[in-house]
Each structure stands twice: as C-alpha cells, then as structure tokens.
Protein chains: 2
Amino acid sequence: MSNPQAAYEELIAHLREVALFGSIGSVLGWDERVQMPDKGAEHRSNQSSLLARKVHEQFTSPKIDELLREVETSDSIRDQESDPAVNVRETRRQYDRATKLPGSLVEEMAKTEVLAQAAWGQARAKNDFPAFRPWLEKWLELKKQQAACYGHTGHVYNALLEDFEPGETAENLTGVFEQLRGPLVELIGKIVSSGRPAPIEILERSYPAEAQAKLAREAAAAVGFDFSAGRLDVSLHPFCTGIGPGDTRMTTRYDEKYFGDAFFGVLHETGHGLYDQGLPEKHFGTPRGEAVSLGIHESQSRMWENLVGRSRAFWKFFLPKARASFGHLADVNEDQWYRAINDVRPSLIRTESDEATYNLHILLRFELEKAMLSGDLSIAELPGAWNEKMKKYLGVTVPDDARGVLQDIHWSGGAMGYFPTYTLGNLYAAQFFEQAGKDLGDMEGQFAKGEFAPLLGWLREKIHSQGKRYTAAKLVEKVTGRALSAEPLLAHLRRKAGEVYGVA
Amino acid sequence: MSNPQAAYEELIAHLREVALFGSIGSVLGWDERVQMPDKGAEHRSNQSSLLARKVHEQFTSPKIDELLREVETSDSIRDQESDPAVNVRETRRQYDRATKLPGSLVEEMAKTEVLAQAAWGQARAKNDFPAFRPWLEKWLELKKQQAACYGHTGHVYNALLEDFEPGETAENLTGVFEQLRGPLVELIGKIVSSGRPAPIEILERSYPAEAQAKLAREAAAAVGFDFSAGRLDVSLHPFCTGIGPGDTRMTTRYDEKYFGDAFFGVLHETGHGLYDQGLPEKHFGTPRGEAVSLGIHESQSRMWENLVGRSRAFWKFFLPKARASFGHLADVNEDQWYRAINDVRPSLIRTESDEATYNLHILLRFELEKAMLSGDLSIAELPGAWNEKMKKYLGVTVPDDARGVLQDIHWSGGAMGYFPTYTLGNLYAAQFFEQAGKDLGDMEGQFAKGEFAPLLGWLREKIHSQGKRYTAAKLVEKVTGRALSAEPLLAHLRRKAGEVYGVA
C-alpha cells in the first residue's frame with residue numbers, strides 16, 4: 001500500500017539527518033582552518049573521514065531510491081515549482097549521480113587527489129610541468145571515465161559541469177563566453193594603451209591589521225551581515241562556510257602593506273555569507289533550502305565585492321570611515337580612491353587579477369578544459385596553448401609554468417568544470433544588478449547614504465529565499481526576464497573603464 | 001566457531017568509532033562555548049543531539065555485548081592488567097550501566113534536566129528555594145530509581161558515585177573525609193583567629209587582560225603544556241576539553257581587577273590539559289587510553305594549581321616574570337606575594353573559596369547528599385541543614401539560600417555523587433605529590449629553577465600513561481604504596497598555615 005505523503009516525510013527526515021551530519025563536517029572544517037592546533041591534524045582527519053563516510057553511506061542508501069520512487073509517481077509533485085517537487089527532483093538528480101560511480105573509481109579518484117595535489121605542489125615550487133604531466137594525464141583519463149558513468153548529451157564537458165553548475169551546458173557557456181571575449185579583449189587593450197594608470201600606490205600605504213579588521217567588519221555589518229549569526233576570523237586562505245541556520249562564518253587575511261585584499265575579500269565573503277544567511281531556515285537540510293549552484297553563489301559574492309563595493313556610491317558613504325581608520329587617507333580624494341580600487345591591469349595570476357581581466361583567465365581555462373576533454377589538446381601541448389592564449393587575450397608573456405599552467409590547485413584535485421562558475425558569477429551578478437537597478441530606482445543614491453537594505457531585500461526575495469527552486473538558467477530568466485547574456489557585464493565594465501581610464 | 005582475537009579487534013574498532021563520534025561532539029561543545037554566534041544555538045543543539053544519539057546507539061548496541069561475551073571467556077584477558085583485560089573490564093562495566101536504564105527513565109531525566117536547570121536559575125536569581133524544591137524532590141526520586149536500576153552494595157550513594165568515581169564507595173569516602181574534617185575545621189579556626197590577614201589587596205590591583213593572558217600562557221608552557229597540541233581561549237565558564245590526540249583546549253576568563261582567578265584558573269586547566277596530553281595516543285578510543293576518573297583528573301588540576309602554582313618555589317622562578325608584566329609589582333616581595341596567593345578565608349561560595357576551606361564546602365555537600373538519598377533528610381529540611389553545617393564547619397552565617405543551598409548548578413542537573421570528586425582530587429594530589437617529592441628529591445629546588453619536567457615526567461609515567469589500567473583507589477596504592485589518606489593533604493595545609501599565618 002503506497003503512501004506518498006509518508007514516504008515524502010520519511011525522505012525529508014532522512015535528508016535532514018544527512019545534512020546535519022554534513023553541517024557537523026562544516027564545523028570541523030572551519031575549526032581545522034581557523035583554530036585547530038597543528039598536532040591535531042591526524043585526529044581531525046580521522047574525525048572528518050568518519051563523518052564523510054557516514055554522509056556518503058546515508059545519502060547513497062537504497063532507502064532513498066525507494067522513497068523517491070514512491071513519491072515520484074504521486075500527484076503531490078505535479079506542480080514542478082512546489083517545495084516537494086523541488087526536493088524530489090534535486091534529490092533524484094544528486095542520488096543518481098552519487099550512485100552511478102563504481103566504488104573502485106571513487107577510490108581511485110580519492111587516492112589520485114592526494115597524490116596529484118602533492119605532486120602539483122612540488123612541480124609548481126620547482127617550475128617543473130613535466131613532473132606534473134603524468135598526474136594530469138591520469139586525471140584526464142579518470143574524468144573521462146567519470147563522465148562516461150554519468151552519461152551526457154552534447155559535449156563530454158557537460159557531464160562534469162553538472163557537478164558545479166547543474167543544468168548548464170558547455171554549448172551555452174561557449175556562446176555566452178564568445179559574446180564576452182572579443183569585446184573584453186578589446187576593452188582591456190584600450191585601457192592598457194590609455195596611458196592613464198590608476199593611483200594604486202594609495203592602496204600600498206601602511207594599513208595595520210587591527211584597523212583593517214575593524215573597518216572590514218564595519219563594512220560587512222553595514223551591508224547587512226548579521227554578526228549575531230556569524231563570525232569573521234583569520235585563515236590562510238579566505239573562505240565562507242554556512243554551517244547552518246544562525247551560523248555563517250567568513251575568514252580573511254590581512255596584508256599590512258596592501259588595503260585591497262582583505263577589504264574586498266571580506267566584502268566578497270560577505271556576499272556569500274548574506275546568501276547563506278538568507279536561505280530559508282525551515283527548509284534546512286533539503287534542496288529547497290540550499291543554494292542554487294556555485295555560479296549563483298559566486299554572483300552574490302561578486303555583486304557585493306565589485307558592483308557594490310567598488311562603486312563610487314559605496315565610497316561616498318564609506319570613505320569617511322576609512323579616513324577615520326587610516327589618517328593618511330586625508331590627502332586622498334574620492335576620485336583618486338575610486339580609480340585606485342578599480343585599477344585594471346593584465347597580469348599572470350588569476351587570483352591577483354581585477355574585475356575585468358579575471359574573466360579572460362577563466363575563459364582561457366574553460367577553452368583548454370574543453371579541448372583536453374574532447375581530445376583536441378594533449379597534456380603535452382597544454383603549457384604552449386596556455387601561454388599562447390595568455391598572450392592573445394591579455395597581451396602578457398608567461399615567463400614560466402609556475403606562473404602559467406601550474407598556478408591553480410584545481411586540476412590537481414580533479415576539479416574540471418569548476419572554473420566557468422567564477423565568470424558565470426560575474427555575468428549573473430551584472431545581470432541581476434542591472435535588474436535590481438530597474439526595480440529599486442536610485443540604488444546609487446541609496447548606497448551613498450549607506451542604505452543597502454533595499455538591494456539586500458531584493459536579493460533575499462528574488463534569490464536567497466528561493467533555495468534550489470529553479471536551476472540557475474531559469475532563475476536568471478525568472479528574475480531578469482531574459483536568458484543569460486554578456487551584455488550587462490560588458491556594459492558595467494565599459495562604464496567603469498570610461499570613468500577610470502577615459503576609454504570605452 | 002569462537003575467535004576471541006577477532007572479536008576483540010572488532011570490539012576495539014567499534015569502540016574507536018564511538019569515541020571518534022564522541023570526540024566530534026567535543027569539538028562542537030568547545031565551539032559552542034568559545035566561538036559559536038548566538039543565533040547558532042538551536043542548530044548546534046540539533047547537531048549535538050544527533051551525535052549524542054549516534055554515540056548512545058552505537059555504544060549500547062547488542063553487538064558490543066556479543067563481542068564482550070566472546071572475549072570475556074578467553075585466556076587473553078587472564079592477566080587483569082593487560083591492555084585487553086582493561087579494555088574488556090571497563091567496557092563491560094560501562095556497557096552494563098548504559099543498558100541498565102530503561103529508555104523511559106533516561107527520557108524523563110533528560111527532560112527534567114532542562115526544566116529543573118531553568119527552574120534553578122530562576123529560583124537562585126529570586127532567592128526562592130521553595131520554587132526549586134519540587135524539582136529537587138523530583139530529582140531525588142529519579143536518582144533513587146536510577147540507583148535501583150544500577151543496583152549497589154552498601155549505601156545507595158554508591159550506585160550514583162560509580163558514574164563519577166568508579167570503584168569508590170560512600171563508606172570509604174566517609175572514613176577518609178571524617179579523618180579530614182575535624183583537623184581541618186580546627187586549622188581554619190586557628191587561621192581565622194590568628195589576627196594575621198594575608199595582603200590580598202596586592203591581587204586586586206590593575207591587571208590588564210592581555211598581559212594576564214600572556215603571563216598565564218607563559219606559565220602553562222613553562223610547566224609543560226604543548227601549545228602546538230592545544231589552545232587557550234576565553235569562555236564564560238573556564239574548562240578544559242581533550243578533543244583527542246594532539247588537540248587539548250583550555251579556556252579561562254580575565255578579571256582586570258583581580259589576578260587570582262585567571263592565573264590559577266589557567267594552571268588548574270593546565271593540570272587537566274597535561275593529563276589529556278599525556279594519555280597514550282595509541283590507545284585513543286579505548287579505556288586503556290582514557291583518564292581513570294573525575295577525581296584523578298581533578299588531582300592533576302589541583303596539583304598544578306595549588307601544590308605547584310601556589311608554592312614559594314614556583315614563585316621564586318615566576319615572580320620576576322610577573323613583575324615584568326605588571327610594573328606595580330616592583331614593590332611586592334616574594335613573601336608578601338606568597339602570603340597573598342595563599343590566603344585562607346571562610347566564605348559562602350564554594351567556587352570562590354581557597355585551597356583549605358574548599359574541602360569543607362565539599363564535605364558538607366557530600367553529607368547532605370548521603371542524607372537525602374538515604375531518606376534521613378527531606379528536601380524541606382535541606383536549607384536548614386546546609387546553613388547549620390556552614391556555621392559549624394566554616395563559622396559563617398548564610399544570609400540567604402541564593403548564597404547557600406541554591407549556589408551550585410549540579411543538583412539541578414541531577415549530578416548527585418559528583419561533588420566528592422573535587423575533594424578526592426585534593427586528597428589524591430597531596431598524596432601523589434608527597435610521593436613525587438620522595439622519588440624526585442629536591443622538587444622545590446627544581447621548581448625554583450623553572451624545572452617542571454621531572455614532576456611532569458613522573459606523572460606521565462605513573463599516572464597519565466596508565467589510562468584506565470587501575471581504578472583510582474588501586475592507582476593511589478600502586479603509586480604511593482598505601483591507601484588513600486587525609487594525612488598528606490592535612491600536612492600540606494598545616495605547613496602552609498604555619499608559613500602564612502604562623503599557626504599549625
């Protein structure tokens with residue numbers, strides 16, 4: 001006797017328990033990176049493995065399949081946007097993926113991750129790509145096997161992309177990225193030859209860590225981060241983790257000789273944090289209460305970091321506060337400051353690049369990943385292809401592989417298909433922000449008065465509170481009335497280039 | 001076909017997993033008290049309950065009983081002090097206790113704990129014992145039921161004491177405590193009437209928190225706490241938690257107008273921490289790798305706090321460091337300092353009392369608990385009995401129940417049988433310390449030179465590395481060659497009273 005309602009409730013209870021175990025893992029992960037004493041590492045690894053094993057066992061339990069089958073045939077999920085329909089659809093998707101990989105492949109990937117990351121670390125330190133090459137070849141082989149297990153339509157890339165940006169395709173991305181690439185290369189070329197460098201030395205004065213921390217915290221709170229439901233700490237690599245309702249934690253690190261990293265880093269993590277704090281609490285532990293995708297998550301961080309945090313309006317409000325913290329800023333006017341924090345400058349390293357050039361670093365990686373996976377590019381040819389694209393897109397000459405193809409950790413961990421989510425974040429952010437401007441009227445006027453609640457409220461309603469109700473592509477259409485386009489981001493970057501460099 | 005070796009190995013693997021889950025709970029507990037944002041409380045409670053449920057389910061699984069039965073009949077545990085014998089003996093003891101309580105009683109106690117603690121908090125704030133009385137009556141009833149489920153020989157108290165000090169009996173405690181009480185009451189009386197108050201105002205000068213933290217950390221490191229395997233943080237109520245191998249965390253809190261609390265508090269927690277750091281790592285997750293009992297744990301904290309930390313020799317080494325941190329101590333000589341930190345003064349509140357009077361606070365509670373459990377004292381009569389004993393033992397008049405019978409949280413949480421472990425800690429500490437002095441020669445000379453490694457090494461060998469090999473009583477005999485006695489503690493307190501107050 002079938003009882004879909006009871007089955008659904010049992011499914012939800014089961015999912016919540018899995019999520020609760022997962023969120024305990026988040027506490028362990030945060031603690032490991034922020035608090036744990038060095039010698040606690042081995043014990044922590046035992047704790048974390050045990051939890052990960054529990055989560056995997058429970059999530060891949062045949063019981064889930066059984067319960068899903070019972071609900072999938074029922075009327076209760078006929079409305080595809082209802083909470084149960086969303087939870088069933090997404091759980092089915094994740095369950096099928098989690099159970100499609102044979103244990104032997106999962107194990108092989110786990111082992112390869114450890115060994116290949118170690119090899120990558122050494123190869124980068126010694127600028128020795130050939131030493132890393134066999135590991136990348138191995139990963140490529142494993143990723144192809146993984147893709148074959150998942151199955152896919154269109155490009156093989158789609159099978160992997162699905163882990164990071166569900167529902168997105170390489171074909172669609174290629175289209176949008178092509179839209180972006182030419183105009184962006186052209187715009188950056190104009191900026192470089194404008195002969196009007198931004199006064200970035202302002203950002204390289206003395207910025208004591210404690211004062212930076214206070215100011216960054218003030219900024220995060222000003223835009224709406226709830227510190228009674230979160231924290232800001234220091235870690236080697238900045239991150240944000242949503243542990244669960246009422247507990248969202250960000251980190252940063254302070255460079256006392258450079259203002260930009262920590263301040264905009266905190267605004268970036270604040271964007272992630274605001275999303276996590278805005279997820280619907282009552283749906284915790286189910287897809288309906290989770291973020292849409294990495295790309296949508298990144299859209300929130302990029303929006304607060306770049307579209308808000310690097311806007312002139314924001315600094316009308318915030319520069320006096322910065323001056324109160326750093327006396328030496330008394331001689332810096334708003335225009336100088338605005339130009340300094342919006343410097344665009346082609347460089348070798350993705351993580352150090354600016355709002356505009358960043359995207360070309362990503363496009364390059366996306367193109368190379370596609371070519372590797374389709375077999376059009378061998379690993380041996382990879383460094384050459386990398387260097388050629390760097391020259392073509394950004395006009396820079398890569399002096400060595402350590403500052404070229406070896407710079408990122410991602411591939412050594414098998415994360416192929418991850419990079420595009422960064423630029424998707426920028427694209428989504430610009431398109432959402434443009435729409436928010438239409439809906440909210442004078443956003444710049446609001447920012448200049450320190451009023452961020454209208455924008456945050458808009459994001460809460462349109463995006464945060466929706467959980468995984470829509471796929472990313474559908475959410476963009478729903479919120480902005482049209483499919484994802486490169487135009488809003490290009491328009492934004494052109495406007496800024498006009499203001500800062502007198503070009504467009 | 002029986003295979004005791006395989007069964008033992010399976011048992012150990014199972015126990016380790018339970019312990020690993022438990023240690024994850026320790027991380028959550030530490031985080032909750034030190035880091036968690038306020039609004040994370042509900043989610044944390046969900047996480048912690050889930051873990052506690054898992055630990056309970058796994059530890060009370062009939063599988064454990066099965067495995068134990070298979071091993072218990074085997075030759076491998078004939079040597080009662082071998083690792084397997086210790087693990088089997090202790091697991092059996094804990095398993096039987098954990099499975100003897102009916103679920104309904106466990107639930108009732110859990111519910112009562114929450115409600116009674118809330119009622120206690122309000123009753124204490126309003127100085128309203130009658131409002132708390134029904135809860136204490138309820139607890140007494142539940143504790144009697146619990147004791148009946150466990151079963152016991154001798155006093156009903158023994159059934160409850162077993163949770164905190166396994167193997168100890170009310171009869172034996174009564175004997176030792178009687179040995180202590182009369183002489184201690186007499187000694188304190190002499191101190192009070194000596195007319196030579198200690199110069200405690202020295203401790204009430206300005207002590208900035210940051211400088212206190214630095215000094216306390218220096219002291220903890222000096223006596224041997226490994227900060228690469230541990231931490232010191234701030235929390236409302238100081239504690240120490242041994243999360244697992246390589247990760248032991250202490251907390252304290254700083255009063256900028258009083259030196260004593262944080263500094264000696266940290267030495268106290270350091271004693272606990274040194275024990276945890278000294279437990280045999282390879283036995284983690286099994287009784288052989290765990291502390292003997294609360295009393296033995298407390299002996300380590302009391303030893304480093306009082307017997308080392310309040311010794312004249314320690315301050316020969318450490319006073320110059322304190323003077324470097326607090327310039328105003330330049331006018332304080334060693335003798336004044338020594339007298340100030342060894343002030344003895346009858347007071348109303350247990351947690352604020354000194355090394356000597358503390359024990360009378362405990363004896364009083366022990367006697368009242370015994371009388372309540374045996375039915376010789378009704379809850380209605382409790383406040384009167386409390387006040388009478390306070391007058392008799394410490395000569396102080398209790399002005400109200402908030403500063404009397406309502407002062408401790410323990411009974412509201414159902415912790416009856418816990419209090420004696422505090423004084424047991426003092427007794428064990430003094431007896432161990434006396435023996436260490438015989439074995440190590442001139443300990444005072446060593447302390448004065450900042451050499452604490454001999455004592456720590458002795459504790460590591462005799463106590464820390466032994467895990468639960470022996471019961472507390474047996475450990476005391478093994479290490480000191482005789483049964484627990486009140487004499488070493490009395491001798492220590494008399495010697496100090498002589499030095500500080502000219503009495504003995």
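This is a working chat about a predicted model.

Colleague: How do chain A and chain B superpose on each other?

Modeller: In this predicted model, a rotation of 179° with 0.0 Å of shift along its axis places chain A on chain B, with an RMSD of 0.1 Å. That is the relation of a two-fold axis.

Colleague: And which surface do the copies meet through?

Modeller: They meet through the same surface, because 100% of the interface residues of chain A are also interface residues in chain B.

Colleague: Let us turn to the sheet. In what order do the three strands of chain A lie?

Modeller: The order is S1-S3-S2 in chain A, and the three strands form an open sheet with mixed pairing. Strand S1 (230-234) and strand S2 (240-244) of chain A stand at the edges with a single partner strand each, so one side of each has no neighbour in the sheet. On average, neighbouring strands of this sheet are turned by 20° against each other, direction ignored.

Colleague: How many bridges join S1(A) to strand S3 of chain A, and do they run parallel or antiparallel?

Modeller: Five bridges join S1(A) to strand S3 (residues 247-252) of chain A, and the two run parallel. One of the residues involved is Val234(A), whose bridge partner in S3(A) is Thr252(A).

Colleague: Which helix packs on the sheet?

Modeller: Helix H10 (residues 260-278) of chain A does, touching S1, S2 and S3 of chain A. The direction of helix H10 makes about 165° with that of S3(A).

Colleague: Changing topic: how many salt bridges are there over all chains?

Modeller: The count comes to 90 salt bridges over all chains. Side chains of opposite charge can pair when their charged atoms come close.

Colleague: Which residue forms a salt bridge with Arg97(A)?

Modeller: Asp163(A) does, and the closest N and O atoms are 2.9 Å apart. Arg97(A) lies in helix H4 (residues 83-100) of chain A, while Asp163(A) lies in the loop between helix H7 (157-161) and helix H8 (170-192) of chain A, so the pair ties together parts that are 66 residues apart in sequence.

Colleague: Is Arg97(A) buried or exposed?

Modeller: Arg97(A) is buried, with a relative accessible area of 12%.

Colleague: What about chain B: where do Arg69(B) and Asp65(B) lie?

Modeller: Both lie in helix H3 (residues 62-72) of chain B, four residues apart, which is about one turn of the helix. Arg69(B) and Asp65(B) form a salt bridge, with the closest N and O atoms 3.1 Å apart. Arg69(B) counts as exposed at 52% relative accessibility, whereas Asp65(B) is buried at 14%.

Colleague: Which residue pairs with Arg181(B) in a salt bridge?

Modeller: Glu178(B) does, the closest N and O atoms being 3.3 Å apart. Both residues lie in helix H8 (residues 170-192) of chain B, three residues apart. Glu178(B) counts as partly exposed at 42% relative accessibility.

Colleague: Which residues of chain A are linked in a network of salt bridges?

Modeller: Asp65(A), Arg69(A), Glu72(A), Arg92(A) and Asp96(A) are linked in such a network.

Terms used. Residues numbered from 1 in each chain as written. Chains lettered and ligands numbered in written order. Predicted model: local features only at pLDDT ≥ 70, side-chain atom pairs only at ≥ 80, totals over all residues. Heavy atoms only, no water. Pairing = 2+ DSSP bridges. Axes fitted to C-alpha atoms, helices over the stretch in contact; angles between N-to-C directions. Contact = heavy atoms within 4.5 Å. Salt bridge = Lys/Arg side-chain N within 4 Å of Asp/Glu carboxyl O. Buried < 20%, exposed > 50% of the residue type's maximum accessible area, 1.4 Å probe, protein only. Least-squares fit on C-alpha atoms with pLDDT ≥ 70 in both.
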